[in-house]
Amino acid sequence: MLRASVQATGRQVDLLAVNDPVADPLLPGARELRCLVDAVVLRDREERDEALGPLQEAVGVEGAVRAAAVTGNFEMMNRLLDGIGVGPFEGMTDIAADLGVDWPRY
């Protein structure tokens with residue numbers, strides 16, 4: 001989704017920042033969004049609550065609400081697919097390799 005939205009808007013982005021917290025993603029609010037996503041994925045409520053304030057400052061309340069909704073929905077879908085044994089789709093492993101993520105092959 002990030003790659004498609006970047007292409008649609010013509011913005012620059014460093015996709016390596018998805019997996020590298022030191023890399024500059026080149027998008028406003030991206031570092032703050034990463035903190036929220038990490039907290040949600042790790043199920044850390046305290047960290048999640050701490051991430052919301054800076055995210056709201058970076059992208060506004062409406063942006064933070066949208067980011068939280070997308071993050072929650074995406075995490076729910078991932079857990080459901082993992083639970084029923086659906087692995088990464090063909091072609092996604094190439095993107096994962098570009099990001100330095102080692103996904104198991106099913």
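**Exercise 1. With which residue does D49 form a salt bridge, and how far apart are the closest N and O atoms?**

Before the solution, a note on the source: this is a predicted model, in which local features need pLDDT of at least 70 and side-chain atom pairs count only at pLDDT 80 or more, while totals for chains, interfaces and linings use all residues. Residues are numbered from 1 along each chain as its sequence is written, and side-chain values use heavy atoms, with hydrogens and water left out.

Step 1. Apply the criterion, under which a salt bridge is a side-chain nitrogen of Lys or Arg within 4 Å of a carboxyl oxygen of Asp or Glu.

Step 2. The partner of D49 is R48, and the closest N and O atoms of this pair are 3.0 Å apart.

Step 3. Classify the two residues by relative accessible area, where buried means under 20%, exposed over 50% and partly exposed in between (1.4 Å probe, protein chains only). D49 counts as partly exposed because its relative accessibility is 45%, and R48 is likewise partly exposed because its value is 31%.

**Exercise 2. Follow E75 through its pairing, its accessibility and its contacts.**

Step 1. E75 forms a salt bridge with R79, in which the closest N and O atoms are 2.9 Å apart; both residues lie in helix 3, 4 residues apart, about one turn of the helix.

Step 2. E75 is buried because its relative accessible area is 13%, whereas R79 counts as partly exposed because its relative accessibility is 34%.

Step 3. Taking contact to mean heavy atoms within 4.5 Å, and not counting residues up to four places away in sequence, E75 touches V40 and V41.

**Exercise 3. Which residues form the nonpolar patch on the surface, and what is their accessible area together?**

Step 1. A patch is made of residues with over 30% relative accessible area and no salt bridge, with like charges joined within 9 Å and nonpolar side chains (Val, Leu, Ile, Met, Phe, Trp, Tyr) within 5 Å.

Step 2. The patch consists of F74, M76, M77 and L80, with about 390 Å² of accessible area together, areas being computed by the Shrake-Rupley method with a 1.4 Å probe and, for residues, with only the protein chains shown counting as cover.

Step 3. L80 is found in helix 3, which covers residues 45–83, and it counts as exposed because its relative accessibility is 54%.

Technical notes. Helix = DSSP H or I, 4+ residues; strand = E, 2+ residues; numbered from the N terminus.
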